Amino acid sequence: MTTDPHPWAAEIDSLHAQIWTRLTRGVHDRRAPARHPTLATVDATGRPQARTVVLRGADAAAGTLSLYTDRHSAKVAELRANPLAALHVWDAAAHLQIRIEAEVAIETGPGVADVWASVPEPSRYAYSSTATPGRPIPEALAYTKTPDPAAFARLRLTVSAIDALHLGRAHHRRARFERADGWAGQWLVP
Ligand SMILES: Cc1cc2nc3c(=O)[nH]c(=O)nc-3n(C[C@H](O)[C@H](O)[C@H](O)COP(=O)(O)O)c2cc1C
């Protein structure tokens, strides 16, 4: 008999710990699945909007995550109107889907100057005041990006709930974790 490659999935506490291990790995390892989660917001017409982002911070103890973005992007306007968002990760090696519900704070200006200082020079071109993301242009390359700290925003996600689905060889397991009960966890039918 082969040993279970994911023994952490069997207990609710170790499953919760594993979720944060995987998220934290995403922050530090470019090849980790949680490096590129999908962020979902709701737009002004009530339509869901989803896009790939880079996970920049994960604090298991606080239950918070962080992302960087251009403050002029549509997602920021959407989050200003409705700060509720979802973040999705499929970690294929772990056979683990992580669905996160969060409230998002938008941080800009002097409060994130130290974060901007840590952004490598080539990456700063993603945050520009000369070319608003999503603006129509006459040709594909008819834009110039100039790095601008005033365009930089950190999105701080305060996680309120996590839904985890593990696809095991013999059994599938699903659990929901909520901040409101101290992340005690509740098994759900997968
Ligand atoms: C691999 C990858 C990583 C990305 N990382 C980010 C990111 O960290 N922050 C961000 O704002 N956009 C990122 N994007 C671009 C977004 O997916 C999206 O196209 C852009 O932010 C505009 O989205 P919006 O108009 O919904 O705001 C990334 C795209 C890809 C393909």
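Which residue forms a salt bridge with Arg 174, and how many Å apart are the closest N and O atoms? The partner is Asp 163, and the closest N and O atoms are 2.6 Å apart. This is a predicted model. The pair ties together distant parts of the chain. Asp 163 sits in strand S7 (residues 152-167). Arg 174 sits in strand S8 (residues 172-178).

Are the two partners buried or partly exposed? Asp 163 has a relative accessible area of 7%, so Asp 163 is buried. The cut-off for buried is under 20%. Arg 174 has 24% relative accessibility, so Arg 174 counts as partly exposed.

**The chain as a whole**

The chain has 190 residues, and buried residues make up 38% of them. It contains 3 helices and 9 strands. From the N terminus on, the order of elements is α-β-β-β-β-α-β-β-α-β-β-β. Along the principal axes, the C-alpha atoms fill a box of roughly 60 × 35 × 30 Å. The accessible surface of the chain is about 10,500 Å². Carbon and sulfur atoms account for 54% of that surface. Consider contacts between residues at least 6 apart in sequence: 57% of them join residues at least 24 apart.

**The ligand site**

| Residue | Protein atom | Ligand atom | Distance |
|---|---|---|---|
| Arg 51 | polar side-chain atom | oxygen | 2.8 Å |
| Val 54 | backbone N or O | oxygen | 3.0 Å |
| Tyr 68 | backbone N or O | nitrogen | 2.8 Å |

On its own, the ligand has 610 Å² of accessible area, and the protein covers 59% of it.

**Arg 51 and its salt bridge**

The Arg 51 side chain meets that of Glu 78 in a salt bridge, with 3.0 Å from N to O. This pair also links distant parts of the chain. Glu 78 lies in helix H2 and Arg 51 in strand S2, 27 residues apart. Both Glu 78 and Arg 51 are buried.

**A network of charges**

How many salt bridges does the structure hold? The count is 9. One of them joins Glu 178 and Arg 176, whose closest N and O atoms are 2.6 Å apart. Glu 178 has 29% relative accessibility, so Glu 178 counts as partly exposed. Arg 176 has a relative accessible area of 24%, so Arg 176 is partly exposed too. Which residues share partners in one network? Glu 101, Arg 176 and Glu 178 are joined by salt bridges that share partners.

**In brief**

Arg 51 places a polar side-chain atom 2.8 Å from a ligand oxygen and also forms a salt bridge with Glu 78.

Note on methods
Residues numbered from 1 in each chain as written. Predicted model: local features only at pLDDT ≥ 70, side-chain atom pairs only at ≥ 80, totals over all residues. Heavy atoms only, no water. Polar contact = N/O pair within 3.5 Å; in protein donor to acceptor, adjacent residues only side chain to side chain. Areas by Shrake-Rupley, 256 points an atom, 1.4 Å probe, with all protein chains shown as cover. Helix = DSSP H or I, 4+ residues; strand = E, 2+ residues; numbered from the N terminus. Buried < 20%, exposed > 50% of the residue type's maximum accessible area, 1.4 Å probe, protein only. Contact = heavy atoms within 4.5 Å. Salt bridge = Lys/Arg side-chain N within 4 Å of Asp/Glu carboxyl O.
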